[in-house]
Amino acid sequence: MASTEAGETTAGLRPLRRNWRFQLLWGGSAASLLGSRMSTTAYPLLLLAMTGSTFAAGAFSGVQLLTQVLFGIHAGAVADRYDRRVILIVADGLRFLASLTVPLALAMDRLTLTHILLVAVVVGGTMAYAFPVRTLAIRSVVPKAQLRQALAQDGLRTNGTGLLGPPLAGFLFGLGRPAPFIGAAVGSLLSFGAACAVPFDGKPQTSGGKARGGALEGMRFLARSPLLRATVGITFALYLVCSATVLSCLVLLQREGVGSAGTGLALSGEAVGGIVGVLFVSRLHRLMGPGKLLIAASWLYVPPLLVLPLSSSSPVLVFFVLAVMLLSDPALDVMTDVLIFQQVPDELRGRVMAATFMLFTLGMPAGTLGSGLLLDFLSPDAVFTVLAVALAVALVPVTLNRTLWGSGWPT
C-alpha cells in the first residue's frame, strides 16, 4: 500500500495515468508552455532580424515579464472570486488569438515592433491570470492522495518544455520566420481546447458567499505563515541565484571560446537536472519534513557554485554541475504547492498562488540584472564565488531555525 506524508492512501485509486481529465489538462498546458518557450527564443531572433537592435530583441520578453508581474496580484483575486474554469478558457483563447496575429501579419508583410509588443502584453497578462488557475485545477481533478504525484508530473512540463523549446524554435525559424509563431499559436489552441473539454468545479469554496480580504490578502497570508514565509523567501533567493548563474556560465563559456552548440549543451543541464529531480520528489517528501527539505535543498546550491570555476574548459562538466544544482528544485516547487493546498483556505488560494508566482518571477530578472552588474567588474569565476558566499550567509539563520527543523507536513 502506497502512502503519503499526511497519512492518506492511494490504495484502490485509479492510476494517475488513467485520469483522462488530469492528463488532458496537463497535455494542453504542456503544449501552451512549449509554445511560450519557443516564443522566448523566436521573438528575439525575429526582432533582431527586423530592427538590428539588441535592445529591441529583448523587448518582447521584458514587456511580457513586466505585464505578468503587474497583473499577477489582480489575477489571484480574480481566481478567488470567479469561476476558475471560465478564467482558464478565456485566457487561453485570448492568447491563441494574439499569437495567431503574428504569423498572419508576417504573411502580409505588415508586422511591426508595436504589434509585437502588444502581443507581449496580451501573452504576459493571460499567463498571469492562467497560472494560479492551472495549479488549482489540478486539485479539482486529482484525488488528494495523488496530489504530490500530479504536481511532480506538472514539473516535467516546466523542465521538459524548457529543454525542447529553444532548439525547436531555432529549427522552425530556420524553416521560415512564421513557423515558430504558428507553433506557439497551435500550443495555445491545444490548451484552449483542453480547458473547454475537461469539466471541473471551478467555483471557489467561500464562506459568507464571497472571498474575504482584498487583492493583497495573499501577500499578508504568506507574511503570517512562518513556514510558507521561509519557503517563499528562500525559493526566491534560489531563483535569483539560478538566473545569475546561467548568465555567468554563458559569459564564462564565451570567454573560453566555446561555440554555440557547446554552450547550448552546457546550459541545458539546468533543465535536465529539473527533469531528473522529478523522480525524487515523492521520496524526498517521505524522508524529510518541509523545513528539513527546504534547508537541505538550499545548501545543495552552494557546492556547485564553487565547482563551476573549475569546469570552465568543458561544456560537459558545466552541464553536469548545473544538473546537480537543479536536482532539488522540483521537490521545492511541489512542496510550495502542497503547503498552499494544506494550509490555505480555497477562497484564498488563488491570491496566495499568484503572490508566490509573482515573487518567483521577480527573482529571475533580479538575478540576471545583478549578475550583469557584477560581471562588469568581476570575472565569472569571482561572481560564482560571490553568489556561493552570499547564499551561504543567507542560509545560516535559516539553518539555525529550530522551528524549521521540527516542522512537519500540515494535515
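Arg 157 and Asp 154 are both buried in this predicted model. The two residues are joined by a salt bridge, in which the closest N and O atoms lie 2.9 Å apart. Both residues belong to helix H6, which spans residues 147-175. Elsewhere, salt bridges with shared partners connect Asp 80, Arg 84, Asp 346, Arg 349 and Arg 351 into one network. In total, a search of the whole structure returns 10 salt bridges.

Helix H6 also holds Asn 159. This residue has a relative accessible area of 18% and therefore counts as buried, the cut-off being under 20%. The side chain of Asn 159 comes to 3.0 Å from the backbone oxygen of Gly 155. When residues up to four places away in sequence are set aside, Asn 159 is in contact with Ala 271, Gly 274, Ile 275 and Pro 330.

The side chain of Asp 92 forms a salt bridge with that of Arg 95, with an N to O distance of 2.5 Å. Both residues are located in helix H4, which covers residues 84-107. Their spacing of three residues corresponds to about one turn of the helix. Asp 92 also takes part in a salt bridge with Arg 134, for which the closest N and O atoms are 2.7 Å apart.

Arg 95 counts as buried because its relative accessibility is 5%. Arg 134, at 14% relative accessible area, is likewise buried, as the class takes in values under 20%. In general, side chains of opposite charge can pair when their charged atoms come close.

Terms used
Residues are numbered from 1 along each chain as its sequence is written. This is a predicted model: local features need pLDDT of at least 70, side-chain atom pairs count only at pLDDT 80 or more; totals for chains, interfaces and linings use all residues. Side-chain values use heavy atoms; hydrogens and water are left out. A salt bridge is a side-chain nitrogen of Lys or Arg within 4 Å of a carboxyl oxygen of Asp or Glu. Helices (H or I, at least four residues) and strands (E, at least two) are DSSP runs, numbered from the N terminus. Buried means under 20% relative accessible area, exposed over 50%, partly exposed in between (1.4 Å probe, protein chains only). A polar contact is a pair of N or O atoms within 3.5 Å; within protein, one must be able to donate a hydrogen and the other to accept it, and residues adjacent in sequence count only if both atoms are side-chain atoms. Contact means heavy atoms within 4.5 Å.
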